[in-house]
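Please look over the sequence and the structure shown here before reading on. The report below starts from a single residue, and goes on from there to other parts of the chain.

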Amino acid sequence: MTAYAEAVSGIRPKMRRAIIMVQDLVMVLVSVALSLTLSQSRLSFDAFSSGGLACWAIIVLAAHLLFRYCGLYNTVWRFASTPDFFNILKGCGSLTVVLYLAAVAFRSFFQPVSGLNERQFIVFFLVSFTIISAPRLYYRFLRDGASWRILRRAPGDAPIKQALFIGRLSEADVIVRFTRTAQPAEYAIAGIMATESDAPLGTQIQGVPVVALRPRLVEVLEEYVNGTENLDLLIFGKGIEREIEDYAELVRVARHSGIAVVQFSGLSELGQGGKLVLDAVEMETIMRRSAVATDTTRIGAFVGGKRVLVTGGAGSIGRVLVKRALELGAEAVLVADNSEFGIFQLDQLIDEKDRDRLTSRIVDVTDKPHMMRLVSEFKPAILFHAAALKHVPLLEENWEAAIETNVFGTLACAEVAAECGVPQFLLISSDKAVDPTSVLGVTKRAAEQIVSSLHETHAAPSLVHAGELNGHHAGAHRPGTKFIAVRFGNVFGSNGSVATVFQAQIEAGGPVTITDRRMTRYFMTVAEAVDLVIMSAADAEQRQGSDDYAIYMLDMGKPVPILEVAETMIRMAGKNPYTDIAIRFTGIRPGEKLHETLHGENEEVVKLDTAKIFGLRTDVVEWPRIEAALPALVAEMNDRDKAAALAILAGLYRAEQSAVGAPEQTAPKTVGQIG
């Protein structure tokens, strides 16, 4: 039978279908003969006479037409399932009824036939259904079952990895089925650890036993890794990290024992029998916070059908914004980034089906004329400004670049958005902007003030049109743009983040370097941050007047000690901190704080109806004051006077302090109305 299955699978589809049709018709004739034999019927006519042969021909024709009508030849045997066997049942039942009615009519109108009654037709139905279903059922068993994999394995084949699956039983059924259909076979599920506490322990899913239930998952996994050397892989179900408390401990136990850990995220290549998509388990998943489910309906309604522009779209946060916008049904997405390689990497991450909606442009956000052309042509409904320089120690030395990109880049993009009538502009800000002690923090706070001032200006119509300011033009604004900023802390996996640095150091064998053992930071996954950023934009769209906010703050949970992050990452790599991998403390670097905060003492945090998002009431510097400080800032940058330049920026967010170094200026050269 194995040779038969091999032969059938190797035949071309049209030829295979013809063979199956002939096989079914032969089975029908065999069923007629068997039903007469089993019921010991003696027909009153010769089965091989001209009349008998005519009956056989009529039966064959009726069977073929009914089987085609019932859909027996629209199914691939390998994927035959309950509805397909129901079609066989329907086909055999219909054929039985048709033959019975034909026999009754022939007996009534032509001549009586002895030895033929209802009993023969009942036997015919049972026999035909059985012998027509059997080849299909057995073929699927051979292709999907463990027996097929064993029969096909050649002596030189690579060994199949033995895996445990941790997740829901409904997902386990899918995992087991598709690990068996994969060609070549890569994994075999040895046991299922169910996350449902009321699951039936000891029962089987497609022959694979349920070996553990909550809350004994860790205990049973330890028994497995200590009792066998054959376990190669631990597969987590989709989203399980949000459902079980022991997720991080399960990962630690597995990796410490040399067992690879992956997470199921979906299926692909279904046309070839299905293949599991298994993703590596990252630190952003292990060091998780208690997350609130994203209101996908709301953010989908906000982004869906709109044109979205993302500056810095090839960066770590920007590229997730781009992918999410495409997933949510954006009409088109434009990426503006100055990194050619970053844009190339982004293009590799985008699904083929979404690429026709994605456009990428290599552009510096400080190049206002270029940005103006892009925005005028693309006509976005939302502009996410994620472009920024953000490495604290590097920017202490390269402060001019920080001011140019983070301050004047934000100014240029905001002006372009206003002048082109973009409905919404959103700045990605940072917790470093709160009581800043670094160049990054000062420039991000200045960017927030630019956005906040424009927000107030557009909410309440006022003065301001300006002329050229040393190459930076605060030009005429059209009404309609809503300006907001979203402030949050560190995200796992972003370029240059502590997680990526630690990972590289661990892979190199250590040491892991930490500036101070007391240092803490807020952490959030990139995916959660991006969804909450979009949610903030959706919330802002609905707000007007006194209920409106220029700055939103994300709920980052509790700050996490950096030392704890390092120790956890080392354990997750199967090593022991301080013994296998050394941890070295290097001292706080220029511009760094021991502890970051998400809001200042003079800022009022307002709880909103949307989970994990807050509004901030903060001091806002009027636009004329910002505008007046810009020429002085450019002059200090030209003189390479870092202290004076930062003092000017500090004056833009300290309400009690005048703009240091900014000359007294009269009203702007041109006066108009912004609203």
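## Loops, a helix pair and buried residues

Lys-612 is placed in the loop that runs between strand 23 (604-607) and strand 24 (613-617). In this predicted model, Lys-612 has a positive phi of about 70° although it is not a glycine. With a relative accessibility of 17%, Lys-612 counts as buried, because the cut-off for buried is under 20% relative accessible area.

Arg-640 is another residue other than glycine with a positive phi, near 55°, and its place is in the loop between helix 21 (623-638) and helix 22 (642-651). Is Arg-640 buried or exposed? At 60% relative accessibility, Arg-640 counts as exposed, since exposed means over 50%.

| Residues joined | Omega |
|---|---|
| Arg-214 and Pro-215 | about 10° |
| Gly-510 and Pro-511 | about 0° |

Pro-215 belongs to the loop between strand 4 (208-213) and helix 8 (217-227), while Pro-511 is found in the loop between helix 18 (498-507) and strand 17 (512-514).

The next topic is a pair of helices. Two packed helices are described by the angle between their axes and by the distance between the axes. For helix 11 (residues 296-303) and helix 19 (residues 526-541), the axes come within 9 Å and cross at roughly 65°, and the two helices are therefore roughly perpendicular to each other. Their crossing is left-handed. On the side of helix 11, the residues Arg-298, Ile-299, Phe-302 and Val-303 take part in the contact, and they meet residues of helix 19 that include Asp-531, Ile-534, Met-535 and Glu-541. The residues of this contact divide into 7 nonpolar, no polar and 4 charged.

Which residues does Glu-396 contact, leaving aside its neighbours within four places in sequence? They are Ser-438, Val-439, Pro-590, Gly-591 and Lys-642. Glu-396 itself lies in helix 15 (residues 392-397), and at 13% relative accessibility it counts as buried.

Ile-160, in the loop between helix 6 (146-152) and strand 1 (161-167), also counts as buried, at 11% relative accessibility. Ile-160 and Asp-232 are 72 residues apart in sequence, and their C-alpha atoms are 9.3 Å apart in space.

For the protein as a whole, 51% of the 675 residues count as buried, and the secondary structure comes to 22 helices and 24 strands. Among contacts between residues at least 6 apart in sequence, 77% join residues at least 24 apart.

Conventions:
Residues are numbered from 1 along each chain as its sequence is written. This is a predicted model: local features need pLDDT of at least 70, side-chain atom pairs count only at pLDDT 80 or more; totals for chains, interfaces and linings use all residues. Side-chain values use heavy atoms; hydrogens and water are left out. Helices (H or I, at least four residues) and strands (E, at least two) are DSSP runs, numbered from the N terminus. Buried means under 20% relative accessible area, exposed over 50%, partly exposed in between (1.4 Å probe, protein chains only). Contact means heavy atoms within 4.5 Å. Axes are lines fitted to C-alpha atoms, for helices over the stretch in contact, and angles run from 0 to 180 degrees between N-to-C directions. Angles under 35 degrees count as roughly parallel, over 145 as roughly antiparallel, 65 to 115 as roughly perpendicular and the rest as oblique. A crossing is left-handed if the near helix is turned anticlockwise from the far one by less than a right angle, and right-handed if clockwise. Ala, Val, Leu, Ile, Met, Phe, Trp, Tyr, Cys and Pro count as nonpolar, Asp, Glu, Lys and Arg as charged, and the others, Gly among them, as polar.
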